[in-house]
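Here's a quick briefing to read with the model open beside you. Take a look around first, then work through the points below.

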Amino acid sequence: MLDKLNTAWASLPEYGQSTVWILVITVALIICVALLTLWERKVIGWMQLRRGPNRVRIFGLLPGVGQPFADVLKLLLKEVIIPAKANRTLFWLAPVITLVPAFAAWAVIPLSPTVVVSKADAGLLYLLSLTSMGVYGVIIAGWAANSKYAFLGAMRSAAQMVAYEIAMGFALVGVLMATGSMNLGKIVETQAGGVGSWNWLWLFPLLVVYFVSGVAETNRAPFDVAEGESEIVAGFHVEYSGIAFALFFLAEYANMILISALTAVFFFGGWQGFFEGWPLLGDTFLGRPSFLWLAIKVFCLVFLFLWFRATFPRYRYDQIMRLGWKALIPVTLVWIGVEMVLRWYHIGPWGRAWFH
């Protein structure tokens, strides 16, 4: 059976294999997003000494695991109410514009040494262009609803996203300088050699800037002023209900996984193993690159998103903007200058054989 499957897979043209991987990644991501909503409530419940969801079962088993699917069913059955004077076309288009980039970005993310949908050499530019599209969905959602509350929330959220998008872009410039490539697969390959060879060591300030900016970019706590109900009535999506409302949160949770995966690829070696090059473990599966290592890294980074929500109070809007413009962006600029010095003297990543 396995031989027949391998033969059938090898006989598929390249576009056919890419199509299969697109379907597999999309379905897996949707399931992961659903389970992430449950995991978030369980983690926060654990940190607050309570149980979290523990009622809805699947086929009478695993208490609480059916909660995300019950939520999806509830939102599908709820009526989508569109304000009378709203722009109906843009009202429906906004959540799609927000959601599509979160899924399309996975086309260039290498899941293992052999599994990637597209090996585009300009993958980094592709990611920057896609991630910057999310702000359009936010602005359109606030404007199309013809509501002053929604429009004010959209403007505030858009200003926040733009500020942190710039910081993320500068952080990726540092990654580009350290790896010499915009192909994400090659970025991972240049980090071969174990934990000490990953970019986090030499680009630690950029790692912090990138991840903090990613938390702000996804409007997650403590940067969730777009959804501060006590301040601005739930922000840009205040007029949305039912499945249209669910699409915004599907995009938010998908972006959490995406930012975690990109952080793992850029700074933690992607699918590179933790024990690569170790005397005893390096020759076992623990030292070999595989999707398992990428999944473990993404799992740990997503957990930080949940930990932040359960720990930090919400920042004021002026504090958020000051952090983005006056702290994170200057840090990236300074560290890019430090990288120039390291490159000149061939220190760190710039001293490796591949760089020459």
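Which residues lie nearest the centre of the largest pocket? They're T37, D71, L75, F249 and Y253, out of 27 residues that line the pocket. Keep in mind that this is a predicted model, where local features need pLDDT of at least 70, side-chain atom pairs count only at pLDDT 80 or more, and totals for chains, interfaces and linings use all residues. Residues are numbered from 1 along each chain as its sequence is written, and side-chain values use heavy atoms, leaving out hydrogens and water.

**Confidence**
- The chain has a mean pLDDT of 88, with 96% of its residues at 70 or more (pLDDT is the predictor's confidence in each residue, from 0 to 100).
- Among the elements of the chain, helix α13 (residues 291-311) gets the highest mean pLDDT, 95, while helix α11 (residues 229-232) gets the lowest, 56.
- Helices here are DSSP runs of H or I with at least four residues, numbered from the N terminus.

**The two pockets**
- A pocket is an open set of points on a 1 Å grid over the protein atoms alone, where a 1.4 Å probe fits, with protein on both sides within 12 Å along at least five of seven lines; lining residues have an atom within 4 Å of a point.
- The volume of the largest pocket is about 750 Å³ (that's the space filled by probe spheres set on the points).
- Helices α2, α3 (67-77) and α12 (242-267) each give at least two residues to the lining of the largest pocket.
- That lining has 17 nonpolar, 3 polar and 7 charged residues (Ala, Val, Leu, Ile, Met, Phe, Trp, Tyr, Cys and Pro count as nonpolar, Asp, Glu, Lys and Arg as charged, and the others, Gly among them, as polar).
- The second largest pocket holds about 560 Å³, and C32, W106, I257, F291 and V298 lie nearest its centre.
- Its lining has 19 nonpolar residues, 1 polar and no charged ones, and the largest share, 9 residues, comes from α2.

**Helix α2**
- Helix α2 (residues 14-47) has 34 residues, so at 1.5 Å a residue it should span 50 Å, and its end C-alpha atoms agree at 47 Å apart (the expected span is 1.5 Å times one less than the number of residues).
- After α2 comes L49, with a positive phi near 60 degrees.

**T179**
- T179 sits in helix α7 (residues 148-179) and is buried, at 3% relative accessible area (buried means under 20%, with a 1.4 Å probe and protein chains only).
- A polar atom of the T179 side chain lies 2.8 Å from the backbone oxygen of V175.

Conventions: Buried < 20%, exposed > 50% of the residue type's maximum accessible area, 1.4 Å probe, protein only. Polar contact = N/O pair within 3.5 Å; in protein donor to acceptor, adjacent residues only side chain to side chain.
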